[in-house]
There are 2 protein chains.
Amino acid sequence: MDNERGFGFASEAVGVETMAAGGGALPRGFFWGAVKAGIKASGNPDLAVALAPQGATAAAMFTSNQVVAAPVTVGRRHLAATGGRVMAVLVNAGNANCATGEAGIEACQQTCVAAAETFQCIFDEVFPSSTGIIGVPFPAEKVIRAMPAMQDALGQTPDHAEAFARAIMTTDTRMKVARAVIDIDGTEVRIFGAAKGAGMIHPQLGAPTMPAHATMLVYLFTDVYAEASQLREIMPAAIEGSFNSISIDGDTSTNDTVLLLASGASGVRLTDRVSEAFDNALKLVCESLAHQIVDDGEGVGHVVTLHITGAATTADAKRVARAIAHSPLCKTAWSSADPNWGRLLAAAGYSGVAFKPERVTISIGGLQVFALGTRSPSFDKEAAHKAMTARKYTIAIDLGEGEAECRFLTCDLTEEYVRINADYST
Amino acid sequence: MDNERGFGFASEAVGVETMAAGGGALPRGFFWGAVKAGIKASGNPDLAVALAPQGATAAAMFTSNQVVAAPVTVGRRHLAATGGRVMAVLVNAGNANCATGEAGIEACQQTCVAAAETFQCIFDEVFPSSTGIIGVPFPAEKVIRAMPAMQDALGQTPDHAEAFARAIMTTDTRMKVARAVIDIDGTEVRIFGAAKGAGMIHPQLGAPTMPAHATMLVYLFTDVYAEASQLREIMPAAIEGSFNSISIDGDTSTNDTVLLLASGASGVRLTDRVSEAFDNALKLVCESLAHQIVDDGEGVGHVVTLHITGAATTADAKRVARAIAHSPLCKTAWSSADPNWGRLLAAAGYSGVAFKPERVTISIGGLQVFALGTRSPSFDKEAAHKAMTARKYTIAIDLGEGEAECRFLTCDLTEEYVRINADYST
């Protein structure tokens, strides 16, 4: 678990728990539920709703991809129209409603109308999301037909929240949830997050209100009382070190969305006094979810934390991390626990960041493998190989250029990944 | 063969032939040879020499990777010292002599000294190259010990040129050679090229004289009479549309090198009158070699030409092509002949190039699959799948933004690629 900590996680310390770790403590003011609408070929639940009957303030961050799925276009319009207010989140898995043209926009709007009628809110207060295959006409009628059943499925228990988290899964093998609770003068402020994503994962989320879409979908619920403008302000810092610092395959989706909803039901206002504790709790929830996404990545055998230090700037550090995280040669070497540090160095070398190899040091799992421009005197291939057989470990690279650093979470590339993705739409 | 033509090849038309296609017609003024020096674990020939006993003018282009192998550092110094003059090219496969520190530089220099003594030239007229594993101390003594045998191995027949081309192979399964002959007032000017490379292939060669290294090694021999400055001038145009327009895995090597040598032995000067024909012949040789490299890429099942049109600039077109060529999701879909155009569109969307999806059209193997922001009315999944079962086909994407275009050659990502690269250094 040392590496989770390395990525910034300290679940035990601050009350960030998975659902399995215990009941209760869900943010007040929300209902969750899921049903089978018949969109997933598997027949599993594929339509989820989160409802804030009293409404919630909202902020969202979307991928910077030029190609936008219909629900992203619609969701963005709705957030703009309401100034950041959401009553119902309507998510389906199995069809991304992306590259579906005007017909896709209309289909999405029809489902929002049906949800607004069912949950008695205005059309603009419905926030739609879709994930699944791209380019297949969206079956709006299946979503609409499922609305009555959805109304009956909603509830406030952990089971209801789990049902939401499970229904949004596609190639995920595990549900991804995280929670945090902070105590403000004796009142609990709660955060609950649910996420999905296992492939096409390299989120590059733009500033809140930017356009875009998602194969990574993240929903963050809290009962703190906050203006939408406050949510937009605190969101980027939590996202930068979590969802914007992971990559499974380097493919930035057309649908990546992180939605933060605040019901206000705790009665605690997000004042300056509260904000540090709240920001930290939000970060921990985001980091836990980001970690869960990589850990459940398609075909993943090893979760690798890249800790880049000694960079001239943080942007440089991230650029080096991304080059390594996207290098098929680095990733295939990790799959066989091969301490091939030459590939790490080569990928850093083509990242576009200037550095001198003779100043670089590289450690794998705490064992130095490269120093002073050549193989480390202490390089022990067997020991390094053994360290890399662990499910999780850290590769530390010091560039010797400055003081900036970053942590970036990624994974190996396996034959299983190729098998999964060679079969996707067939 | 239509797709080879699509990438700009027209072998039959202009006398560019593989060695197998017929004997003779090698450029005069060069000797080639290869021996077993014991560097490759396989025991195959692993040391090659090309000798220009009267000397040759020379220009080289290297990768822009920050990390430089010892022979690149040394080779660059030598070209600078001689002003672009080479007598002996000394290439080994099996060890890249990269990330080997000062000891690697010294080892490389020792081999150059031995070659200079053997071939009776000055030290600076030896151009060294290495390819193989990174970070393992370079066995200079094996190269030095092989020098006498190398002297005996040299010759001017196609068999000798083939021996050179085969000895430089690493994970290549096929020798890669191409030739062209042009007729200048009754005198033949000949070009012969030999290349190696199957993985870590995404050359981004900088301007001649820039620093760098190579897993792609290319040697171009001609008997035209040209100044080194002329060679430096004509080289970039030939490289841009060939070696700088291919990618197997997106990993830009630490050793990529293209060396162009002109012996002058034809007696034909590279004047303005001759240069158009010569430039075209050189381009065809480079395009043929580039195609052969991708066709023999590690685990490659399908060779895909990306023809990007309607871009605002050529740089935009290349950026879109590179994003698609490096997308694991696009590449895995190709491996199973899956006409998943949504992944193509998504990768174009995150390339950083601005475009409007509703103006984009996509065809696969000549069949339109996407138009006007959605699936093409004529999309026929079975037909598109069938077109993609071909070994070679073209994916054409029109961005609808301008007049610029590019062709970029790439390949699928297969389980075999993962297997090959998960095993490399073990």
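So, H11(B) passes H12(B) in a left-handed crossing, meaning the near helix is turned anticlockwise from the far one by less than a right angle; clockwise would be right-handed. Quick caveat before I go on: this is a predicted model, where local features need pLDDT of at least 70, side-chain atom pairs count only at pLDDT 80 or more, and totals for chains, interfaces and linings use all residues. Residues are numbered from 1 along each chain as its sequence is written, chains are lettered from A and ligands numbered from 1 in the order in which they are written, and side-chain values use heavy atoms, with hydrogens and water left out.

Back to that pair. In chain B, H11 covers residues 328–335 and H12 covers 341–349; they pack at about 155 degrees, axes 9 Å apart. Helices here are DSSP runs of H or I, at least four residues, numbered from the N terminus. The axes are lines fitted to C-alpha atoms over the stretch in contact, with angles from 0 to 180 degrees between N-to-C directions. That makes H11(B) roughly antiparallel to H12(B), the label for angles over 145; under 35 is roughly parallel, 65 to 115 roughly perpendicular, and the rest oblique. On the H11(B) side the contact (heavy atoms within 4.5 Å) involves B:Leu329, B:Cys330, B:Thr332, B:Ala333 and B:Trp334, and on the H12(B) side B:Arg343, B:Leu344 and B:Ala347.

Over in chain A, H12 has another partner. H10(A), residues 314–325, comes within 8 Å of H12(A), axis to axis, crossing at roughly 125 degrees. H10(A) and H12(A) are therefore oblique to each other, and this crossing is right-handed. Who touches whom? A:Val320, A:Ala323 and A:Ile324 from H10(A) meet A:Leu344, A:Ala347 and A:Ala348 from H12(A).

Now, how do the chains relate? Turn chain A by 180 degrees, shift it 0.0 Å along the axis, and it lands on chain B with an RMSD of 0.0 Å. In chain A, the residue closest to the rotation axis is A:Glu415, at 2.4 Å (C-alpha).

Last bit, annotation. An unreviewed UniProt entry puts "binding site" at A:Thr170, A:Lys196, A:Thr215, A:Glu298, A:Asn421 and A:Thr426; such annotations may be inferred rather than shown by experiment. Of these, A:Glu298 is included in the lining of the largest pocket. A pocket here is an open set of points on a 1 Å grid over the protein atoms alone, with protein on both sides within 12 Å along at least five of seven lines, and lining residues have an atom within 4 Å of a point.

Notes. On a 1 Å grid over the protein atoms alone, a cavity is a set of points where a 1.4 Å probe fits but cannot get out, and a pocket is an open set with protein on both sides within 12 Å along at least five of seven lines; lining residues have an atom within 4 Å of a point. Copies are superposed by least squares on the C-alpha atoms of residues with pLDDT of at least 70 in both. Helices (H or I, at least four residues) and strands (E, at least two) are DSSP runs, numbered from the N terminus.
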